[in-house]
Amino acid sequence: MAERVTTGEAFLAGGELLLPGEGVLAPGESMSTPWVMGSWGDGLSELSHRFHDEWRARPQHPRRPRPVTLNTWEAVYFDHDLGKLTELADVAASVGVERFVLDDGWFNGRRDDTAGLGDWFVDEQVWPEGLHPLVEHVHAAGMEFGLWVEPEMVNPDSDLARKHPEWILQARQDLPPSGRLQQVLNLAHPNAYAFIAGRLHALLEEYPISYLKWDHNRDLVDAGSGPGGRNMVHNHTLALYRLLDELKQAHPTLEIESCASGGARVDLGILDRTDRIWTSDCLDPLERLENQKYTSLLVPPEMMGMHLTSPVVHSTRRTVSLNLSAAVALFGHFGIEWDLTQTDHTTRASIAEWVSFAKDIRDLVATGRTVFGDGTDPGLDVRGMVAADKSRAIYAVTQITTTITSPPAPITLPGLNPHINYRVRIIHPGGQDPQPGQSPLAWDRQESVLNGHILSTIGLRPPVQYPQQATIIEALHTI
C-alpha cells in the first residue's frame, strides 16, 4: 500500500492482509510473515532488471530451454475427440511445437463449464481407453504432454460437492456468490487436501505428464471454514503451497504453470513454486502489449507465457495477422493457441519460421535484459531483448495506430553498449506483410554498422507500417 499521513509524510508498506481471526496465536506459537521485495533503479528497466536478477538466481529457477507449447483450449474447447486431437498434435509437431497441453474437458462430467470440477477422473465416455492413446501419440511425435487442472475449485454440480459439501469454503449458511459457476475447496481441510493430492499423484503416476496448467478462476469470497467458522484464506494458501511443494518433490521433472483467469495470481509465493505464469487469458496482441510490458517489470520474461493466436482473436474478435501475433509473443515463453488443423500449408510454413526464430532467441530471452523505447510516437511500441553481454539484441517495432508523422520519426534502440559497433538489419520470420509505399530505408538496403551510442540516442528511421503490423530488428555486435 501507499499512504500519506495527516502530517504529510508518505510511505510504502507491504505484507499479508490477514482477515479477522487469521492471526490469532496461542501462547508459544509463532507466525512467519511472507517476504516483501522491493526494487529501485534509474528508470523502470533498471528496476525490473534487479527483480529479474534476484529471481533468476534461485536454485529452482527454470533453466532448460523453454519448450514451445501448444495449448488446445482455443482449438477444441470442451469438444474432446481423439481423432481431432491427434491430428492437431501432428500439425503442431510439424511446425516445431515441443509441448502439447490438453486443456479443460477431459474429466468426469465436464462437457461445459457448469459441472465436473472436483471429479478428477478421466471421463470414460469421452476417453474409453483413458488418455493413453493421446499421450502415446504426442510422445511418438516427439513432444511432451501437459494437462490442465483446477484443483482448488469445485462445481456444485459434481460428485465431490454432493458427497462432501463440508469441504467447500463458506462463511454462512448460503454458499458464497458463484464465480464462473464454481466454488473453492478448503485445502486446509485434511480430508479435502488428501483427496485432491491423491488424485493429482494418481494422474502423474499413471500418465507421463511433464506439465500441469494449474488454473484458478474465481476469487476467495466468504472463504470460511463453515457457518460461524474461521476465515481460511491464510490457511488455504499455505495448504496450496504445501501441495505444490509435495508434487514437485514427488515428481522432480514436473513443471507447473500458474494460471488464474490468466494472470490474476502472480506473486512471489506462487512464482517460487511454479515455472511460468499465463500472463493473460486475452491473447489479442494489441492488448497483450501493455499487460506483458508491465508484468515484465516484476516477472522474468522466460516465466511469462506468450502465445500467438488465431486470426480472429477469441477474446476480442479482432482480426490480426500471424506476423503481428507472433512478434508480440516473442519476448517470453513462446507458444501457440490456435486450431492449426484449419490452416493451409503456406500458413503452417510461416508459423514454422516463427517457431524456429523463437527457438533461436529463447536463450537470449531467458538470460537477457528486457528494454522498452521511451519517447516514441504514441502510435509505435518499441521493445526488445538485449543479451547480458550486449553482443546481440532483438527489437520489435509494433505499429499500434497510424503515426503522427509519415514517415515516422527515428526510433532509438535502448540497452546497447555505447562503445561498440552493431550491424543492424530487419529480419522477416514468416514472410513480409504488405507495406505502405515509402522510399527505401538506406540502412536496411545495405549492410549498416552503427555505434551503440548512436543507436540508443539518435536512432534510426523505422519502416512505414500499416496499423497492426510489427517489424523485427536485429542489432549484432561486429568488429
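Mentor: Two directions count as roughly parallel when the angle between them is under 35 degrees, as roughly antiparallel when it is over 145, as roughly perpendicular from 65 to 115, and as oblique otherwise. This is a predicted model, in which local features need pLDDT of at least 70 and side-chain atom pairs count only at pLDDT 80 or more, while totals for chains, interfaces and linings use all residues. Residues are numbered from 1 along each chain as its sequence is written, and side-chain values use heavy atoms, with hydrogens and water left out.

Take helix 3 (residues 82–94) and helix 4 (residues 132–140), whose axes come within 10 Å and cross at roughly 15°. Helices here are DSSP runs of H or I with at least four residues, numbered from the N terminus, and axes are lines fitted to C-alpha atoms over the stretch in contact, with angles from 0 to 180 degrees between N-to-C directions. Helix 3 and helix 4 are therefore roughly parallel to each other. Their crossing is right-handed, that is, the near helix is turned clockwise from the far one by less than a right angle. Helix 3 brings Leu82, Leu85, Thr86, Ala89 and Asp90 to the contact, and helix 4 brings Pro133, Leu134, His137 and Val138, where contact means heavy atoms within 4.5 Å. Sorted by type, the residues of this contact are six nonpolar, two polar and one charged; Ala, Val, Leu, Ile, Met, Phe, Trp, Tyr, Cys and Pro count as nonpolar, Asp, Glu, Lys and Arg as charged, and the others as polar.

Now turn to helix 6 (residues 190–206) and helix 7 (residues 233–250), which pack at an angle of about 25° with their axes 11 Å apart. That angle makes helix 6 roughly parallel to helix 7, and here too the crossing is right-handed. On the side of helix 6 the contact is made by Tyr193, Ile196, Ala197, Leu200, His201 and Leu204, and on the side of helix 7 by Ala239, Arg242, Leu243, Glu246, Leu247 and Ala250. The residues of this contact divide into nine nonpolar, one polar and two charged.

Serine 48 is buried, because its relative accessible area is 3%, and buried means under 20% with a 1.4 Å probe, counting protein chains only. Leaving out residues up to four places away in sequence, serine 48 touches Ser296 and Leu297.

Note on methods: Buried means under 20% relative accessible area, exposed over 50%, partly exposed in between (1.4 Å probe, protein chains only). Helices (H or I, at least four residues) and strands (E, at least two) are DSSP runs, numbered from the N terminus.
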